[in-house]
Amino acid sequence: MAIDELEVRALRDVVLADGTLLSELINHESCEVDLRVLTDPQIYQLELDRLFARTWIMVGHETEIPNPGDFVVRYIGEDAVIVARQPDGGIAISLNVCPHRGMQVCRAEVGNATKFKCPYHAWVFGTDGRFLAAPFEQEMYGDALDKPALGLQQARVGTIGGVIFGNFDQQAPSLREFFGDFYWYLECILCRTDGGLEVLGAPQRALIRSNWKGPAEQGSIDGYHAVGLHRSLRDLGFLGREMTPQAWGLISVDISANGGGLRCTDLRDVIRGDLTDKEKLEQAPPIGLTPEMVLQLGNNLSPEQVAVVANYPPSVGQAFPSFEFLLTPGPLEDGRAGPFLALHTWVPRGPEAFEIWTWNLVERDVPELTKELALRAAIRSFGSSGNIEMDDGEAWPSQTRSARGAVGRKMTFKYRAFHGHNPPEGWPGPGQVHDGITRDDGQWGWWKRYFEFMLTAEAGQ
Amino acid sequence: MTVTERSIGGLDEPTLGPRIPYGDPLYCAIVDFLNEEAWLLDHDLLDGWVGLLDEDIAYFMPVRQTVLRSAGSGFDPRMGHYYDDLASIRLRVRRVLESEFAFAEDPPSRIRRHVTSVRVHRLPEPDCYGVTSSMLLLRNRWDQPTYDLVSAERNDVLRSSGESFKIARRRILVDQVTLGTPNLAFFF
């Protein structure tokens, strides 16, 4: 056993109910993970503590709460949180649990409020979670209330491109440090224009009877499954006209960093190499940008990021642990297009269920008709009625059912195909870069970071 | 194929004319139409079902959020679980009927649609009717003994078409904020 593995065990391994060590469920030599991680209730509880309460979890987008007092209720793990716009334009994320007796103080999922009053004993809190008042406070408590300690528990807030993340670990690194090299690529998706992104309405939610790691393992980033699970797209003429990796969309430049994975479309054979990046972008505006918006890329991204967007535009992927993004050209049945950005988060609901949340976004400054077409394309592609994603909802629950059996749970996720770091010449970005057929590097990276969190009780990574 | 430029979404309601009561031949004809439609869907006769849709159908199932009583119904005017027109519905049907790889409904679920509480109103446009109905949909999948339930109100606009009707608009107002079924690989 390697020294670093012994160190990991020494940090904080966990003995599961049958005596198995948690660390034994990942095999670093053969690159396998036991299916047991999908159904073991002890592991699930540990995830709530060690992963969801310590990492940056996506809870929404700033354009859902544009005005002071606007709020939505969302989830960090199984903890309900109030995400509220402050009078100064900032955002607060408060645990939706009254510190007095534990009732949820906010009972609508969306609205506008100047304060939150717990229905139980009418304690009152500000939209920033601060304790404001309790009825008959003097008669009841005299001076005994330690008011600063009785506010709603606060999560830290981080945003990128208007996407809001919360983290209950006060010692955790910042959102930027946590995403690390992956942050650079997230900016290429989320921070392209002067006007920024806007949501097209409230998110979809559906309960899927699968462990949340079904989609999370796929998210970072399994390009290979298209050839199996999304084979109906061949019959509809969208994919796989020939049985070649190219025709199935499997050739790309993939990135893995900090447990995240994303795919970048390789335009080297599509667009003339002797053009400047600016000329390339004008000839083929990136997905979701109007030709006029192309110039804004330089206002918001570094020249190196612009070069990646021009030559290898990032498209789909996931930031660790559970924030997925799908930037999609949005082809429609009538030949038009409604390009959109779909965002997902996987909200755990016990070992064998999760909620899939789906937001659809566009650049705020695209024409209204484009937004209408984006809605059409987005809802028909991903989420609850998405022609593509519906079939993913068959794979994930199936994996979880497989992991119920005494024999099945000892089966493994297997990762056998790796590029390692093999970037195209002159690649200007950070992270591990994988040029060619989409392989397992990103997904294995997701598991490595997952076990880093699960095998340490200390803050931060 | 004509594709409408108007938004498929929105929560505006048509101006309802007089209600057509139970027992009226027109009421009976519309209930008969809805029963026939549910039968086609329950029996996976999707081509027949598509034949009941008008060329300009707007098929919208808005997402919903829990809001205080004072804030209304919680339906979102833009974002939907469904946001479809005839072309996209035809594509969905083609996927189910022509691909061996539409796994979300193959093997198919057993689905039963119960249509009740039908209310019919005349609309200002001639030969158009505003029809609301309740639908309780039970979906049984794999060997599970339990059902996924979807309960919803349907707000339809029906147009007379020869001896029968065409569905010009369907809005599916679901009673769940979080759908209790993993996907909507079926129609309402």
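Modeller: Let's start with A:Glu282, which has a relative accessible area of 42% and is partly exposed. In the scale used here, buried means under 20% relative accessible area, exposed over 50%, and partly exposed in between, with a 1.4 Å probe and protein chains only. This is a predicted model, so local features need pLDDT of at least 70 and side-chain atom pairs count only at pLDDT 80 or more, while totals for chains, interfaces and linings use all residues; side-chain values use heavy atoms, leaving out hydrogens and water. Residues are numbered from 1 along each chain as its sequence is written, with chains lettered from A and ligands numbered from 1 in the order in which they are written.

Colleague: Thanks! With which residue does A:Glu282 form a salt bridge?

Modeller: A salt bridge needs a side-chain nitrogen of Lys or Arg within 4 Å of a carboxyl oxygen of Asp or Glu. Here the partner is A:Lys278, with the closest N and O atoms 3.2 Å apart. Helices (H or I, at least four residues) and strands (E, at least two) are DSSP runs, numbered from the N terminus. A:Lys278 is partly exposed too, at 47% relative accessibility.

Colleague: Which salt bridge links distant parts of the chain?

Modeller: Look at A:Lys371 and A:Glu198, whose side chains meet at 2.8 Å, N to O. A:Lys371 is in helix H12 (residues 368-381) and A:Glu198 in strand E13 (residues 197-199) of chain A, 173 residues apart. A:Lys371 is buried at 4% relative accessibility, and A:Glu198 is buried at 13%. In chain B, B:Asp84 and B:Arg92 form a salt bridge of 2.7 Å, N to O; B:Asp84 is buried at 0% and B:Arg92 at 3%.

Colleague: How many salt bridges are there over all chains?

Modeller: The count comes to 43. Some join up: A:Glu78, A:Glu109, A:Arg205, A:Arg349 and A:Glu355 are linked in a network.

Colleague: Now the nonpolar cores. How many residues does the largest one have?

Modeller: A nonpolar core is a set of buried Ala, Val, Leu, Ile, Met, Phe, Trp, Tyr and Cys residues joined through side-chain atoms within 4.5 Å. The largest has 157 residues, and those with the most contacts inside it include A:Leu190, A:Trp447 and B:Trp49. Helix H5 (residues 181-190) of chain A gives the most to this core, with 8 residues. Apart from it lies another core of 19 residues, among them A:Phe71 and A:Trp123.
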